[in-house]
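Thank you for making time for this at group meeting. Please have a first look at the structure on the screen, and then I will walk you through it.

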Amino acid sequence: MGKYKVAVYAICKNEEKFVKRWYESVKEADGVFVLDTGSTDNTAEKLRKLGAKVTIKKIDPWRFDVARNESLNLVPEDYDICVCIDIDEVISKGWRQKLENVWKNGVNHVRYNYNWSHDENGNPVVNFYIEKIHARHGFRWVHPVHEVLEFTGDNEVWATTDEFTVDHWPDDNKSRSSYLPLLELSVKESPEDDRNMHYLGREYMFYGKYNEAIDTLIKHLNLKSATWKDERCASMRFIARCYKYLKRYDEARMWLDKAINEAPYLRDPYMERALLEYELNNWEGVKKYCLEALKITKHEKSYINEPFSWNYTVYDLLSIAHFNLGEYKEALKYSSKAVDMEPNDERLLNNYKIIKEKNDSLK
């Protein structure tokens, strides 16, 4: 028994294939509480057999914040710390003691490492801090989707730790079709909320509703509360991406210039510009923006990060650009670096072979 009473809580629906893996990772808690929102498989039964306390309740109309708050309400009042871990996530072994070590000096909210996605070898691709560990009292979930914890107490005290990590291993077959209408509802309910306006614009982009996306993302940029430069930069990049899909390349370039000026410390806008120039066969432009991206070595930990900004892509683009410009030695150097990062990628290997043969023929 630790110094504090620690609960893990979650919502679930039809996730029986993840139950055992999840429970093994969270069982260090004093109590595990799950709200099943209507599973038609054996999720609830499997959780109960392992030791979780499961309550079944359908949320209609569906909202993530309502479901989260219902699951939080399952945690008894006398618990000190609440850890919200979804069933498709895994928290690293030994987390309980490490959490207790940072829960001091009035701390009531904790940020920690979160690996949102992984490559085919299980290596993290998108990593950032997340903040779903909190005191039992003084918090509630808000927003129909992309819900967040809202502090309702008097003094919120944060701690940030790298001592444990939560990994997200999602079911890629699960539909996210409910997200768009829920985001539209969220923005209708809180039209001044910059985060949800950004998310809604991004969702329109995902759905190929490019004009709606552009309009919504511009609304995000015009909100007084939209002051986080990383997110503003992302909205500008997404506007540029929409214009690229619409084949309005001058406007795409203009918005990417704005994105670079907004957050010149991020790789993402430079890489987005390099990808645009690649599509337009502007090889000098590809070189220019890739080399600018490589000057940035600090990887900011936020959900804004694009995987292509930090994987092999920058070297791949440089190798192709140099090759098309007849700069074969440089092409080989960057192709080799791309292969070092992704040694099993057939396209990269084939490119390397072609570039090496070209170099050898010139000797």
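Predicted model: local features only at pLDDT ≥ 70, side-chain atom pairs only at ≥ 80, totals over all residues.

Residues are numbered from 1 along each chain as its sequence is written, and side-chain values use heavy atoms, with hydrogens and water left out.

Over residues 11–108 the chain is 35% helix and 19% strand, with the end C-alpha atoms 22 Å apart. Over residues 312–345, by contrast, the chain is 76% helix and 0% strand, and there the end C-alpha atoms are 10 Å apart. Helices and strands here are DSSP runs numbered from the N terminus, where a helix is H or I over at least four residues and a strand is E over at least two.

Now to the charges. The structure holds 34 salt bridges, a salt bridge being a side-chain nitrogen of Lys or Arg within 4 Å of a carboxyl oxygen of Asp or Glu. One of them joins the side chains of K17 and D171, at 3.3 Å from N to O. K17 lies in the loop between β1 (6–12) and α1, and D171 in the loop between β10 (158–168) and α5 (179–189), so this pair ties together parts that are 154 residues apart in sequence. K17 counts as exposed, at 56% relative accessibility; for the terms, buried means under 20% relative accessible area, exposed means over 50%, and partly exposed is in between, using a 1.4 Å probe and protein chains only.

Another salt bridge is formed by D86 and R68, at 2.6 Å from N to O. D86 is in the loop between β4 (81–84) and β5 (89–91), while R68 is in helix α3 (residues 64–73), 18 residues apart. Both partners count as buried, D86 at 15% relative accessibility and R68 at 5%. These two residues also belong to a network of salt bridges that links R68, D86, E89, K132 and E147.

What does the charged end of R68 sit over? It sits over the ring of W141, 5.6 Å from the ring centre, and the charged end of R267 sits over the ring of W310 in turn, 3.9 Å from its centre. For this, NZ of Lys or CZ of Arg must be within 6 Å of the ring centre and within 35 degrees of the ring normal.

Turning to the rings themselves, a search of the whole structure finds 13 aromatic pairs. The rings of Y210 and Y245 have their centres 5.0 Å apart and their planes at 40°, so this pair is tilted. Rings of Phe, Tyr and Trp (its six-membered ring) pair if their centres lie within 6.5 Å, and planes under 30 degrees apart count as stacked, over 60 as edge-to-face and the rest as tilted. Both tyrosines count as partly exposed, Y210 at 22% relative accessibility and Y245 at 41%. Elsewhere, ring pairs link Y114, F128, Y199, W228 and Y303 into a cluster.

Finally, two individual residues. S25 is in helix α1 (residues 19–26), and at 8% relative accessibility S25 counts as buried. A polar atom of its side chain lies 2.9 Å from the backbone oxygen of W22. Leaving aside neighbours within four places in sequence, S25 is in contact, meaning heavy atoms within 4.5 Å, with E89, V90, I91 and W95.

T37 is in the loop between β2 (31–36) and α2 (43–50), and is buried, with a relative accessible area of 7%. With the neighbours within four places again left aside, T37 is in contact with C12, K13, K57, K58, I59 and W62. T37 and K298, on the other hand, are 261 residues apart in sequence and 41 Å apart in space, C-alpha to C-alpha.

Methods. Polar contact = N/O pair within 3.5 Å; in protein donor to acceptor, adjacent residues only side chain to side chain.
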